[in-house]
Amino acid sequence: MEINLEEQFQEKIDQEIKIEPRDWMPEKYRKTLLRQISQHAHSEIVGMLPEGNWITRAPNLRRKVALLAKVQDEAGHGLYLYSAAETLGMSRDEMLAELHSGKAKYSSIFNYPTLTWADMGAIGWLVDGAAIMNQVPLCRTSYGPYARAMVRVCKEESFHQRQGYEIMLTLSKGTAEQKALAQDALNRWWWPSIMMFGPNDDKSPNSAQSMKWKIKRFSNDELRQKFVDVTVSQAEILGLTIPDKDLKWNEARGHYDFGTINWDEFNEVVAGNGPCNKQRLKARVDAWEKGTWVREAAIAFAEKRAKRNNNSTEAA
């Protein structure tokens, strides 16, 4: 009797058995995971840039330390995710080469500028809030290394979201000028945040297959709706107004209706034509090139130490 590997693979998925690196998997499953995990890793690394820009300009020492810790967390998230992606047979150098060439994508949200300190609050509250909606279900994704990496990522992201909301709360309860800064940040980050969930389901060609393989657990539109429903009440507590004239509670649906997303803007940013695309990519390429000597020194030291240890073993 001939064994159908694809059927066996799908049976494991349906039974909630994690797929591990040495298990057989369809090539399309492997490529889908590589694209998603590497894009996620790239987003964490590029996402350090708009916030790192404010570390030296934070309003007090407590804010500096908290923001520095957050940026450090994001570097760690990138490390976990690159490591998970490497179990699928692609080296970190290859993934970074694709990022630097523009072939690999990262989240469109990180191509917007951070103009004021209030943007640190909006990013934590909205961007990390949207990330949590996306990422908590990934703790149950079908690929074991990815799922396990996401457990720690999500714990840390929850702190980032609370940190951002606390910044917005402080500003909204401050002077009229401070509250205006918070409202301005909300105005600029609201729509890019709800674009983070990706295209509408009918425009997302890979979504159905990813859900069948349980890489994803919810569709883009489901997650976007959940984010809007949760965030509206948070904005009310802040005393801030979400910049959407069409936003209203729909009693029949039990959800908020919201306005039409500007998908032309989304597509332009994804295509590399956003406000900071070139700036972000240049910063990453420059950091890679300037760090060449550090990587080469580390490799040389490791080889020297390994040789010394071998010589010691042989002498004994």
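This is a predicted model: local features need pLDDT of at least 70, side-chain atom pairs count only at pLDDT 80 or more; totals for chains, interfaces and linings use all residues.
A residue counts as buried under 20% relative accessible area, as exposed over 50%, and as partly exposed in between (1.4 Å probe, protein chains only). Residues are numbered from 1 along each chain as its sequence is written, and side-chain values use heavy atoms, with hydrogens and water left out.

Aromatic contacts were examined first. Rings of Phe, Tyr and Trp (its six-membered ring) pair if their centres lie within 6.5 Å; planes under 30 degrees apart count as stacked, over 60 as edge-to-face, and the rest as tilted. The whole structure contains 10 aromatic pairs. In one of them, the ring centres of Trp263 and Phe266 are 5.2 Å apart and the planes stand at 90 degrees, so this pair is edge-to-face. Trp263 and Phe266 are both buried. They share helix α11 (residues 263–273) and sit three residues apart, about one turn of the helix. Helices here are DSSP runs (H or I, at least four residues), as are strands (E, at least two), numbered from the N terminus. Elsewhere, one aromatic cluster is formed by Phe9, Trp24, Tyr29 and Trp213.

Two arginines lie over aromatic faces. The criterion places NZ of Lys or CZ of Arg within 6 Å of the ring centre and within 35 degrees of the ring normal. Arg162 lies over the face of Phe159, at 4.8 Å from the ring centre. For Arg295, over the face of Trp288, the distance to the ring centre is 3.5 Å.

Salt bridges came next. Each requires a side-chain nitrogen of Lys or Arg within 4 Å of a carboxyl oxygen of Asp or Glu. The structure holds 18 of these salt bridges. Asp23 pairs with Lys12, with the closest N and O atoms 3.1 Å apart. This pair links distant parts of the chain: Asp23 is in the loop between α1 (5–14) and α2 (27–46), Lys12 is in helix α1, and 11 residues separate them. Asp23 is partly exposed, at 27% relative accessible area. Lys12 is also partly exposed, at 25%.

A salt bridge also joins Lys70 and Glu51, at 2.4 Å from N to O. Lys70 belongs to helix α4 (residues 61–86) and Glu51 to helix α3 (residues 48–52), so the pair ties together parts that are 19 residues apart in sequence. Lys70 is buried, at 2% relative accessibility. Glu51 is buried as well, at 1%.

Glu166 and Arg63 meet at 2.5 Å, N to O, in a further salt bridge. Glu166 lies in helix α7 (residues 144–172) and Arg63 in helix α4; the pair links distant parts of the chain, 103 residues apart. Glu166 is partly exposed, with a relative accessible area of 29%, whereas Arg63 is buried at 10%. Salt bridges with shared partners also join Glu16, Lys214 and Arg217 into one network.

Cysteines were considered last. A disulfide is taken as a pair of cysteine sulfur atoms within 2.5 Å. By this rule the count is zero disulfides. Cys139 is in no disulfide, and its nearest cysteine sulfur, that of Cys154, is 3.8 Å away. Cys139 is partly exposed, at 24% relative accessibility. Cys276 is buried, at 5%.
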